[in-house]
Amino acid sequence: MSTADTYRRFADREARGVSPAYERLSRVVARDPDLLAMLDSLPPAKRQPNLLFGVVRLRGGPVDDPVAFRAHVLAHWPEIAAQMRVRATQTNEAGRCAVLLPVLAALPQPLALLEVGASAGLCLYPDRYAYRYGDRRIGDGEPVLDCTLTGVAPPDRWPEVVWRAGLDMNPLDVTDPADLAWLDALIWPEHAHRRQRLRAAAAVAGADPPLLVRGDLVDDLPALAARAPAGATLVIFHSSVLYQVPPARRTAFTELVRTLPGHWLANEDPTVLPRAGVPDPPDGGFHNLLALDGRPLAWTRGHGQAATWFGPVRS
Ligand SMILES: C[S@@+](CC[C@H](N)C(=O)[O-])C[C@H]1O[C@@H](n2cnc3c(N)ncnc32)[C@H](O)[C@@H]1O
């Protein structure tokens, strides 16, 4: 796909109705030969809209006005390109815990959680956040994760988590202001509520940091899984990760994870997981499929705002 098509697709499929600012910017980039030529000087994986816009935001550059954005990128391209080469999109969205919780709460307790592609590990605290499923509230405190559940009852208990570990090729540290600033810059401009949620979830994680291991989701997974305590149900899970992994490595991962003990919980783009027999999503906003041990259970929205169940709570 050309870079122009990538930006057009991003505008149509991801930003429209979700971020007017990023929809405007991505349409401007898609039509601008100068910006496209600069982006094409980067490796393909580094040309993505979220990476460009995140780096501009991190620098305090303008993202609300396309003319000012273009001028900023043209004037500062060497610094922006250098940042795009060394950074990756690592959005860490605690809200995704709201769609994992019904499954986690239904598994045999206690749990040992191992998140693959954990970023800063904010999804490793499903037992420490509060939830609002329609008019059903679970827990007190912050952050409160709002989620519309269809086809399944909200869980009536938290999971009991006795071990939490994350594996990531570039783990981030929420107690490091520079890492937190990058996570903040990756949140889209209009999403003030997600920025508040990041701060609240970072406070939870920072008070009791998880074990975060730098490593690859295939090469280093067995060793980390072997560190899970006996007597707990190991749950290896991942959310919005496999789209970043080349297809051959994705296959290696899905073959490997089935050989490990415990359960495998995936919340991923349907193009990266088998989806035979899955009904169509309720609408175009349901970008992820939730699957337990390879069996699809529900369609979910990208940041955990909603889940529509078509399978049992657990397989
Ligand atoms: C978009 S973030 C998602 C973070 C988190 N799972 C969430 O839902 O908020 C994807 C993460 O996967 C990590 N990742 C990508 N490829 C990986 C690999 N081969 N091995 C380990 N981690 C990887 C990235 O570094 C990044 O932190």
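Me: What makes strand β8 largely enclosed by the rest of the structure?
Reply: A residue is buried if 20 or more other C-beta atoms lie within 10 Å of its own, exposed if 12 or fewer, and partly exposed in between, with C-beta atoms placed from the backbone. Six of the six residues of β8 (residues 263-268) are buried, so the strand is largely enclosed. This is a predicted model, in which local features need pLDDT of at least 70 and side-chain atom pairs count only at pLDDT 80 or more, while totals for chains, interfaces and linings use all residues. Residues are numbered from 1 along each chain as its sequence is written.

Me: Which residues of β8 cover its two faces?
Reply: In a regular strand the side chains alternate between the two faces of the sheet. Here His263, Leu265 and Asn267 lie on one side, Trp264, Ala266 and Glu268 on the other, and all are buried.

Me: How do you know that β8 is paired with β7 and with β9?
Reply: Strands (E, at least two residues) and helices (H or I, at least four) are DSSP runs, numbered from the N terminus. Two strands pair if DSSP finds at least two bridges between them. Five bridges join the parallel strands β7 (residues 233-239) and β8, and four join β8 to β9 (residues 288-292) in the antiparallel sense, so both pairs meet the definition. Leu265 of β8 stands opposite Phe237 and also opposite Leu292 in β9, while Asn267 is the bridge partner of Ser239.

Me: Which other strand pairs with β7?
Reply: Strand β1 (residues 111-116) does, in the parallel sense over five bridges, with Leu111 opposite Thr233. As for cover, five of the seven residues of β7 are buried.

Me: Why is the unit of β7, helix α11 and β8 called right-handed?
Reply: A crossover is right-handed if, with the strands pointing away from the viewer, the path from the first strand over the helix to the second runs clockwise. The unit formed by β7, α11 (residues 247-257) and β8 is a right-handed β-α-β unit.

Me: What makes Leu217 count as buried?
Reply: Leu217 has 24 other C-beta atoms within 10 Å, so it is buried. Leu217 sits in the loop between β6 (211-214) and α10 (221-225). Contact means that two C-beta atoms, placed from the backbone, lie within 7 Å. Leaving aside neighbours within four places in sequence, Leu217 is in contact with Val116, Gly117, Leu167, Val245 and Phe253.

Me: Which residues come nearest to the ligand?
Reply: Of the 22 residues around the ligand, Gln90, Gly117, Ser119, Leu217 and Ser239 come nearest. A residue is near a molecule or strand if its C-beta atom, placed from the backbone, lies within 6 Å of it.

Me: How many helices and strands are there, and why is the protein called as compact as a globular protein of that length?
Reply: There are 11 helices and 11 strands. The radius of gyration is 19 Å, close to the 20 Å that the globule rule gives for 315 residues, so the protein is as compact as a globular protein of that length. That radius is taken over C-alpha atoms, and the globule rule is 2.2 Å times the number of residues to the power 0.38.
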